[in-house]
Amino acid sequence: MVNYLIRRLIQMILVVIISSMAIYFLLYLSPGGPLSGLGGQAGDRRARVTAQDIERISQYLGLHRGPVWGYIAWLTGEDWMDIIPQSMWPKSHLTGQPVSLQLTACIENDDNCGHGVLRGDFGVSWQVARGSPVGAVLLSRLRNTLILMTGATVLSLLIAIPIGIYSAVHQYSRLDYVFTTFSFMGTAMPVFWFGLMVIMVFGGNQSPVYKLLHMPYMPTGNVTLVRAPLPGSLELLLGVQPGTWADILIHAILPTLVLSMLYMAGWSRFMRTSMLEVLRQDYVRAARAKGLRERVVIYKHALRNALIPLITIVVFQIPGIFGGATITETVFNWPGMGFLYVAAIGRTDYPVAMAFLFVTAVLVVIASLLGDMLYTVVDPRIRFN
Amino acid sequence: MAVAELKSENLTTFKQEKPIVVIARRFLKHKLAVAGLVVIVFFVLAAIFAPWIAPYGVYKQNLAPVYSNPSGQHILGTDELGRDIFSRLLYAARLSLFITVVVNLASEVTGTLVGAFSGYFGGRVDAAIQRVVEFMLTLPQLPLLLFFSAILRGMTVPGLPPEWSQALIISFVLIVFGWMGSTRLVRGMVLSLREQDFAQAARALGCSKLSIILRHMIPNALAPVIVNLTLGLGYVIVLEAALSFLGFGIQPPVPTWGNMLQNVQQRMWEQPWLAFYPGLCIFLTSLAFNYMGDGLRDALDPRLKM
């Protein structure tokens, strides 16, 4: 087993390195980028951006290095790059002279050199939080995403598994049909639409919940209140102060519900079918024939074997818990990771996007390993050697 | 004490029926599955005969009423350019159904085969295939699609109208990046199935590896794949719309349910029910496919006695 884990670890590192390389090239080669739009203006006499400016910007950002040197610098840092002979330096488009592989800021002051991802330095943000270290930018969003995603994941698991088991045990019962239809509404409804509907119904003092039913209304977005709660809001009713944990939790209710609906729908379906499959097996009949109570048969004998598909699906929620939910976060103006990533891609802030994707890639391979380990727990017959 | 006598005429032998007849009979017993089939057939017919059913042309604009409410003239109202929503829904069914069915079927079939081989052979084969799957899962969707849209933009499949050749190209890209989910699902199942007694029995009987995989592993691992397939059907319709939003995919004014849903976003606050029509079509399709999938799974289940 230890041998297997060591081999697996080496493979994981390889996968992460190859995929980070692929992602770096992908971002570098895909259309757009920080220089796009500037080039068109350079030919124009009246434009303020000259070709020299563009070259200066590209050297400032390190784009002149090209994807290969760029990736090496991203991975290992640029502080050692002054040992590379001049003959290997990239040539300037304008002058034809070799340009240093180190960025301008790094040449001026050694403290400004990037240390590379291997040494825990994700570089500096270009756009979203210009000039601040990417690691700090990501960390500032992490708390919000963790609250939302762990809440939604735990809630959906707690609801989806019992629903799935119930639907399987009572297949074709009325409640089974209700759950089935409900879960398909969950998957067929686009999240942006469902999110907005939830806001319209429950959020703000114009919502029908408040105006017609005179019930306290929910916040429509954000993580905390910026001023004292208004009359009629849930916060005032509960006496919650802005910025406290209770305030954050109240704001998390609606987005968590929307996300849970989405996850629950799919997961309960997987639970139901694999449970159905297992319930018809001989050993379940044997367990019943022994006179075991139905509860024991279902939870001790059947459930364990029905968990494999669910494990496959749910472990890949781990990168999701870090990565956040793009659409839900946007609809509820929830400043989390997904929101940040979309902004970073949209505004071509590649250091931020790269860091996000790198951490996600690491979590994907970890999730995959965890899934394999969990298989051996629920089914000890499975062995990896 | 009388011993019960066993007479041969007491034992009725089952009439041997062809498997396909048994499956069809079991399927027809599942009422909601039949209802699902009817809905799907209805949508497919509506899509095929759209030019004859639709009261207006797809691109026909009425100058006066934009975003009009349902009326006698336009049973579902008009959209942002005054085009008849009902007619556009009918035409949209063509591309939406085509793309989602092709993409889902192809990626589930590929995923199932790859996953079954990976899980059954284990060892190095499994490690290699799973590392590729992990690699594919780490690639970011949005930049990837942007990249592909830049490469494939303007590419056409000869002999097809532009929107159909776009549909084929999108389907291809979505299949290439869509097979990993079912691969993981099937592999997980097969890892457990290959250690079970019936697999050992099959090996002892001298079945070839290929036939064990195809006849014993895959049929037993199919349940989660069918769920994955039915969940994916609704998802791909919406995903296609996200693609066309990026400038890749079916471009307006050609309607698909996905891009009709997308267009509604601007009017969400004023007329939220506009999302209802394309949303309902997607919902009904995935619900119908799901019940059909359920019925199919039951009909194919060898353990279920009818």
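Helices α6(A) and α16(A) are oblique to each other, oblique being what remains once angles under 35 degrees count as roughly parallel, over 145 as roughly antiparallel and 65 to 115 as roughly perpendicular. The model is predicted: local features need pLDDT of at least 70, side-chain atom pairs count only at pLDDT 80 or more, and totals for chains, interfaces and linings use all residues. Residues are numbered from 1 along each chain as its sequence is written, while chains are lettered from A and ligands numbered from 1 in the order in which they are written.

The axes of α6 (residues 134-169) and α16 (residues 337-346) of chain A come within 8 Å and cross at roughly 130°. Axes are lines fitted to C-alpha atoms, for helices over the stretch in contact, with angles from 0 to 180 degrees between N-to-C directions. Helices are DSSP runs (H or I, at least four residues) numbered from the N terminus.

| Helix | Residues in the contact |
|---|---|
| α6(A) | A:R141, A:L142, A:T145 |
| α16(A) | A:M337, A:G338, A:L340 |

Contact requires C-beta atoms, placed from the backbone, within 7 Å.

Between the chains, 45 residues of chain A are in contact with 42 residues of chain B. On the chain A side, α1(A) supplies the largest share, nine residues.

Terms used
Helices (H or I, at least four residues) and strands (E, at least two) are DSSP runs, numbered from the N terminus. Two residues are in contact if their C-beta atoms, placed from the backbone, lie within 7 Å.
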